[in-house]
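Here are my notes on the two-chain model you sent over.

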Amino acid sequence: MDTKPALAESTDTTISRRGFLMKLGILFNALAATILAVPIMGFLFSAITRGRANGYLSWVPLGKVSEFPEGETRLATFQNPYAMPTDGMTVGTACWVRRVAGEQFQVFAINCAHLGCPVRWFPQSGLFMCPCHGGAYYRDGSRASGPPERGLFEYPYKIESGLIIIQAGELPTPGAAIARLGEKPSCAS
Amino acid sequence: MRIMIGRIQLAKIGGWFDRRLQLAAPIREMAEHPVPRNTASWWYVFGSAALTIFVLQIVTGILLALVYVPSAAEAWSSLQALNHDVALGWFIRAMHGWGSNFMVAVVLIHMVQVFLFGAYKFPRELTWIVGVFLLLMTLGMAFSGQVLRFDQDAYWGLGIGASIASRVPILGPAIVKLMLGGPIIAGATLSRFFALHVFVIPGLLIGFVCLHLLMVLKLGINEWPMPGRIVRRATYEAEYHTLTKNDGAPFVPYAVWKDMFFSAFIILAVLACALFFGPFGPTGRPDPTIIQTVPKPDYFFLWLYALLSLLPPSLETPALLIGPVVVIVGLLLLPFLSGEGEKSWKRRPIAVLTVSLIAITLGTFTQLAGYTPWSPHMNAWSSDPIPDQYVHDSTALERQGALVFQVKQCRNCHSLGNTGGQRGPALDSVAVRLTQDQLIRQVIQGGGNMPAYGKNLTPAETTALVAFLQTLHPKGQAPALDASRDMALSDEKAPGAKP
C-alpha cells in the first residue's frame, strides 16, 4: 500500500533514497575505473614514454677504426643498447660503414628508407640495392632510383680512442628520432 | 528391450539437465526456424564454412600453443621442434597455416556472395557492418600469425609494418613504439603479437561471430534475390515474413545438409593441403645481422607487396594512410548508401563491375608479386652468364664491354636472353631503341628510374660498355642511328682540317 505513493513521489523532482544510492554507486565505480585506468594506460603506453628525454638512443661501439679500410664500405654489427633477456638474436643489428677518408665516416642503417628491408652493398657498381621493392642508393647513401623518397638513414658517429661509436637504439623509420638526427642541416652543405 | 531401457534412461538424464538449463526449446526453435526454400542453395554455405574453419583454427591453435614458445629467443627453435621432433607437430602446423589461408579465402568469397545477393540491404545493415569487422579481424589474425612464425620473413615483415605506421603524421613514431613494444623489433614485439593473436583478436572474433549469427537468426537469412523485387524499408519485413510463411521450410534439416556437406568438404580440403604441401616455414632464423634475405609476405598480402612497389613515390604515403580508411569507411557506409532497391546482381551492373575490377586488380598484383619484376635479382651478375650468341663474332672492345656489363651488375636489373633482373627494360634490342650518344648519356647520367653510373665507370669502361650495347639488336634490324651525327662530327673536324 505504501509503495504506490512512494513511486509517484519518485517521479517528481525529489530523489528516492534508493535512486540516490544507485547513482552514488555508479559515481563510485566511475571513480574506481578512472583510478584503475591510470596504471593500465601507464603500462600500455610505457613503450612510448620510457626514457623520454633522449629516447632509446645511446652510443654503441662498432669496432676499431682500423678495421674499416679507407674508401670502402663494410658491414658492421652492434648490440642494441636497450635489450631484454628474451630478445635472443633480435638484439643484434647490422649497418653499413663507409670510411670516406681518415676519420670521416658515413654509417648507414641497414633498413631501406622505403619500407625497411635490408639493403645490400655492391662495391662493383657502387650501389646499395634493396631486395624488396627495388630501391637503389649511391655509395654516399643518396637516393639513386626506385620507390624510396630519400637517401639511406645515417647514424651519428664519433671517434673515441680509436673506436668508431654510433648513436643507435631505435628502428630507423622516417619518423624516428634517428632519422631526424641523421638529417644534415640544409645550410651545412 | 535393453536399447529401449537405455533410451528411457538417456531421456531422463536429458530431462534432468533441461529442467535446469532450459535450453532445449530455444535450440529447437532456432534449428527449425523457417527459411525461404530457395536459400537452401550451395551459394549460402560459405558463412557456415568460415565458422567451421574458425573452430578448426581454434583447435589447431590450442594444440600448437602446447609446444610453441612465444619468446624471440626460443620461438624459432620451438617451431623447428614442432616440425621435426614432436609427433605430428608438422601436420598440426600445416593445418593451422592452410586453415588460415582457407579462412581468408572463404571469408572473402562469403563477402562477395552477400554483396552480390544484396544481403547487406535493409534490415541487415548491422550484420554487414559486423561482417566487415570480422573480415578485418580475420586479416589481423593472418598478419599476426605470420609474425608468430618468427623467422626472417616475420622479422622484416614487422619492419615493413613499422615503416608504414611511421608515416602517420605526428603520431607515427609513437605508433611504431606501441606496435613493436619498444624502439626495435625484439622480444617485446613477439610477445605483444602473441597476445593479439591468441587473446585479443580471437576474443573479439568470438564475440562478433556470436553477434553476426544472432542477427542472421533474428532477421532471417537473406532471401534469394529476384530481379525486380525491390527492397523498401516500409514493406520489406512484412514481405519477408509472408515469404517464409508461404514458401518456407525449417532450416534443419531442409537447408542445413548443404552447409554440413560443404563444411566437411572444407575440412577435408584443409587436411589434404596440409598433407600434400606441409607446413609454412619457418624460413631462416630471425637474425637481423643476416641480410642475405628476400622477405616476402604471405599469400594474402602479396597484392600489397606489389602495390607498394608500383605506386609512384609521391603517392605512396597518401595511398598507404588514406587508402585503408577510404576502403573501410566505404565498406561500412555501403548499407547506408544503398540500403534499399534492387538486390539481384542481374540488375546491379556497377556492383558486378566493382567486384570484377577488384578481383582482377588483386589477382594481377598477387600474380606479379609471384615473380617480383620490380626487384633487382641480387645474384644475376654472378650467376647468369651472357648467352654465347651475344659475344659471338664480337671485337675485343665489345667483349670488354660485355665484361663491364656483367661486373657492374647491370644484369641485376636488365635481362639478356631472358635471364637477369626485370627492374629495367630487357636489353636484347637496346641498340634499336637508343643511339650511341643516347646510350652514353643513359649510362652516365641514368634517369627514368636508372641510377647514374658516371662515377663508377672510367671513360674506357663506358666506351667498351656502349660498344657492347650497340651490338644488341636483332639480326636484320639495323641499330638506331643519329642522322645528324656524321654531319656534326664532320663540322667539328672541318675547322681543324683547314690548316
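Where in chain B does Pro282(B) lie? Pro282(B) sits in the loop between helix H12 (256-277) and helix H13 (302-310), and point 5 returns to that loop.

1. First, the ground rules. This is a predicted model, in which local features need pLDDT of at least 70 and side-chain atom pairs count only at pLDDT 80 or more, while totals for chains, interfaces and linings use all residues. Residues are numbered from 1 along each chain as its sequence is written, chains are lettered from A and ligands numbered from 1 in the order in which they are written, and side-chain values use heavy atoms, with hydrogens and water left out.

2. Now the overall form of chain B. The chain has 21 helices and 4 strands; these are DSSP runs numbered from the N terminus, helices being H or I with at least four residues and strands E with at least two. Its radius of gyration is 31 Å, whereas a compact globule of 499 residues would have one near 23 Å. That radius is taken over C-alpha atoms, and the globule rule is 2.2 Å times the number of residues to the power 0.38. Along the principal axes, the C-alpha trace of chain B spans about 125 × 60 × 50 Å.

3. Of the 499 residues, 44% count as buried, where buried means under 20% relative accessible area, exposed means over 50% and partly exposed lies in between (1.4 Å probe, protein chains only). Among contacts with a separation of 6 or more, 79% are between residues 24 or more positions apart; a contact means heavy atoms within 4.5 Å. The accessible surface of chain B is about 26,100 Å², and carbon and sulfur atoms hold 70% of that surface. Such areas come from the Shrake-Rupley method with a 1.4 Å probe, and for residues only the protein chains shown count as cover. Chain B also carries 37 positive and 29 negative charges, whose mean positions are 10 Å apart. Lys and Arg count as positive and Asp and Glu as negative, with His and the chain ends not counted; each charge is placed at NZ of Lys, CZ of Arg, CG of Asp or CD of Glu.

4. Chain A has 4 helices and 11 strands. Of its 189 residues, 42% are buried, and residues 24 or more positions apart make 47% of its contacts with a separation of 6 or more. The accessible surface of chain A is about 10,200 Å², with 62% belonging to carbon and sulfur atoms. The contact between the chains draws on 54 residues from chain A and 59 residues from chain B. About 4,900 Å² is buried between chain A and chain B, and carbon and sulfur atoms give 64% of that area. In chain A, Met89(A), Leu115(A) and Arg120(A) lose the most area to chain B, together 15% of what that side buries. Buried area here is the accessible area (1.4 Å probe) that two parts lose on being put together, summed over both.

5. Please look at the backbone of chain B in a few places. The bond between Gly281(B) and Pro282(B) is a cis peptide, with omega about 0°. Another cis bond runs from Val252(B) to Pro253(B), with omega near 5°, and Pro253(B) belongs to helix H11 (residues 251-254). Gln22(B) has a positive phi, near 55°, in the loop between helix H1 (2-21) and helix H2 (24-31). Leu88(B) has a positive phi too, near 65°, in the loop between helix H4 (75-84) and helix H5 (89-116). Gln22(B) is exposed at 57% relative accessibility, and Leu88(B) is exposed at 54%.

6. Finally, two residues of chain B to inspect. Leu135(B), in helix H6 (residues 125-148), is buried, with a relative accessible area of 9%. Beyond neighbours within four places in sequence, Leu135(B) contacts Val107(B), Leu108(B) and Met111(B). Val107(B) is 28 residues from Leu135(B) in sequence, with 6.7 Å from C-alpha to C-alpha. Asp298(B), in the loop between H12 and H13, is partly exposed at 23% relative accessibility.
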